[in-house]
Amino acid sequence: MQPIEPDAPVTNEPTLSATDSVPPAQRGSEGPDPAGTKPAAEDGAEAVEGYERFSMETMATPGADLGFPESLEGLRDIGEASFGPPPEPPPPGVAEAILGPDDRTKITNTTVYPYRAIASLLIVARDNSAWIGTGWFIGPKTLITAGHCVFIKNSGVPGRDGWVKSIKVIPGRNGATMPFGSAVSTNFKSSTAWTVNGNANHDYGAIVLTTPLGNAVGSFGFGVYSDADLLATTANISGYPGDKPSGTQWFHARKVTSVNPLKVFYDIDTAGGQSGAPVWRVIGNDRIAIAVHAYGGSTANSGTRITAAVHANLVAWKV
Amino acid sequence: MPLISGKVVDEQGRPVAGARVFISRSPGPVPDTALMTGEDGSFTLSAPAAGEYEITSATDEQSAKANVDVSGEHHEVELRVK
């Protein structure tokens with residue numbers, strides 16, 4: 001029997017294939033009326049109204065008497081000066097998706113790029129259970145999301161596993177407002193490693209529409225980057241968390257904390273409903289996805305890294 | 001796969017439909033999705049590993065949390081939003 005190629009694409013529609021070459025980044029599109037797009041800050045975090053990025057700088061002058069105490073005993077963490085005493089840490093082995101203080105910021109204007117290219121997903125699974133998630137446009141008719149948003153695996157619930165029945169896509173949703181309308185899809189893509197083996201390292205997928213909603217909202221680019229490059233990157237995430245008012249989009253940005261060949265880790269706050277959100281970097285005016293947010297974890301949340309194989313599938317799925 | 005099932009109810013014990021339910025604390029990584037309760041307020045979530053979980057339910061006005069010690073195959077919990 002031939003071994004399964006992990007990123008071999010699979011679909012509930014006719015199949016495509018992947019290659020292993022390292023590709024140049026795919027650029028996205030701001031869509032119509034790009035005047036509303038704000039440039040990012042120098043550190044690569046999006047300039048979101050109301051969002052304050054915490055940063056630390058060294059201010060020592062060589063040779064100066066800085067007045068440090070002789071003993072460090074009893075000194076508190078500098079973070080308390082700005083944020084107060086730290087919260088009670090979770091017991092060992094306990095994972096939280098909100099890491100430290102919750103400093104997510106609501107996107108108040110979802111009609112501008114890139115936020116309008118991010119969609120609220122309403123998912124109906126095979127057993128008719130209803131779920132929420134997040135997706136993002138890479139082309140007029142294609143959104144990328146987590147594999148577990150399009151194919152449920154190893155749920156343990158009778159009748160739930162398999163391709164979901166349908167997904168309603170609402171780009172730029174803002175509460176009850178759907179500024180670009182919505183569309184329902186029954187055409188999904190994912191990787192063999194996810195659908196056959198439930199391998200969380202290959203947890204990504206696509207939603208294909210019959211209506212080119214992406215023409216109205218723009219699209220994200222996506223790229224493959226080295227470990228060193230990613231570790232120097234500020235990652236932005238925006239999506240639709242279930243712990244906030246229904247259908248509101250929330251943003252956060254932090255430096256990538258670690259990577260492995262297949263995943264990117266970050267201490268960016270997320271909550272259930274943000275599965276599938278884009279993890280992106282800003283290069284000039286381009287918004288380039290580096291991962292697909294998928295899991296809440298113990299010390300960092302994580303996304304499926306855009307590798308050469310993932311990139312190839314995204315290119316193949318893009319319509 | 002261990003399961004956590006239950007109902008979301010209001011302060012009078014009536015089922016709450018359309019509440020978002022998700023795992024907010026877990027022994028390991030979990031998918032960042034959220035389930036929406038049906039008309040009877042019920043939900044069933046997968047718990048990938050044994051250990052302590054916190055389940056959160058939220059509507060636009062109310063919320064509730066519950067801790068579940070997953071050690072067997074099936075666990076029941078009630079989330080009373082307020």
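# Chains A and B: reasons behind the labels

The structure holds 11 salt bridges over all chains. The model is predicted.

Biologist: Why is the pair A:Arg160 and A:Asp127 called a salt bridge?

Modeller: The closest N and O atoms of A:Arg160 and A:Asp127 are 2.9 Å apart. The cut-off is 4 Å, for a side-chain nitrogen of Lys or Arg and a carboxyl oxygen of Asp or Glu. So the pair A:Arg160 and A:Asp127 counts as a salt bridge.

Biologist: What makes this a link between distant parts of the chain?

Modeller: A:Arg160 and A:Asp127 are 33 residues apart. A:Arg160 lies in the loop between strands S7 (151-152) and S8 (162-163) of chain A. A:Asp127 lies in the loop between strand S4 (118-124) and S5 of chain A.

Biologist: Which peptide bond is cis?

Modeller: The bond from A:Tyr113 to A:Pro114 is cis, with omega near 5°. Most peptide bonds are trans. A:Pro114 sits in the loop between strand S3 (105-106) and S4 of chain A.

Biologist: Why is the aromatic pair A:Trp136 and A:Phe220 called edge-to-face?

Modeller: There are 8 aromatic pairs over all chains. In this one, A:Trp136 and A:Phe220 lie 5.8 Å apart, centre to centre, with 75° between the planes. Centres must lie within 6.5 Å, and planes over 60 degrees apart count as edge-to-face. Therefore A:Trp136 and A:Phe220 pair, and the pair is edge-to-face.

Biologist: Where do A:Trp136 and A:Phe220 lie in the chain?

Modeller: A:Trp136 is in strand S5 (residues 130-137) of chain A. A:Phe220 is in the loop between helix H4 (214-217) and strand S13 (221-222) of chain A. The two are 84 residues apart.

Biologist: How do you know that S3(A) and S15(A) pair?

Modeller: 2 bridges join S3(A) to strand S15 (residues 250-260) of chain A, and they run antiparallel. The rule asks for at least two bridges, so S3(A) and S15(A) pair. A:Thr105 has A:Phe251 as its bridge partner in S15(A).

Biologist: Which strand pairs with S15(A) over 6 bridges?

Modeller: Strand S14 (residues 234-239) of chain A does, in the antiparallel sense. A:Ala235 stands opposite A:Arg254 in S15(A).

Biologist: How are S15(A) and S16(A) arranged?

Modeller: They form a hairpin, with 2 residues between them. 4 bridges join S15(A) to strand S16 (residues 263-266) of chain A, running antiparallel. A:Val256 has A:Tyr266 as its bridge partner.

Biologist: How do you know that chains A and B touch?

Modeller: Contact means heavy atoms within 4.5 Å, and 22 residues of chain B meet this with 32 residues of chain A. The area buried between them is about 2,100 Å², with 57% from carbon and sulfur atoms. B:Asp32, B:Thr33 and B:Met36 lose the most area on the chain B side, together 29% of what that side buries.

Biologist: How many salt bridges and polar contacts cross this interface?

Modeller: The rule finds 0 salt bridges. Polar contact gives 16 residue pairs. S2(B) gives the largest share of the chain B side, 5 residues. That side divides into 12 nonpolar, 6 polar and 4 charged residues.

Biologist: What makes S18(A) and S3(B) a strand pair?

Modeller: Strand S18 (residues 286-296) of chain A and S3(B) share 2 bridges, antiparallel. At least two are needed, so S18(A) and S3(B) pair. A:Gly296 stands opposite B:Val30 in S3(B).

Note on methods. Residues are numbered from 1 along each chain as its sequence is written. Chains are lettered from A and ligands numbered from 1 in the order in which they are written. This is a predicted model: local features need pLDDT of at least 70, side-chain atom pairs count only at pLDDT 80 or more; totals for chains, interfaces and linings use all residues. Side-chain values use heavy atoms; hydrogens and water are left out. Buried area is the accessible area (1.4 Å probe) that two parts lose on being put together, summed over both. A polar contact is a pair of N or O atoms within 3.5 Å; within protein, one must be able to donate a hydrogen and the other to accept it, and residues adjacent in sequence count only if both atoms are side-chain atoms. Ala, Val, Leu, Ile, Met, Phe, Trp, Tyr, Cys and Pro count as nonpolar, Asp, Glu, Lys and Arg as charged, and the others, Gly among them, as polar. Rings of Phe, Tyr and Trp (its six-membered ring) pair if their centres lie within 6.5 Å; planes under 30 degrees apart count as stacked, over 60 as edge-to-face and the rest as tilted.
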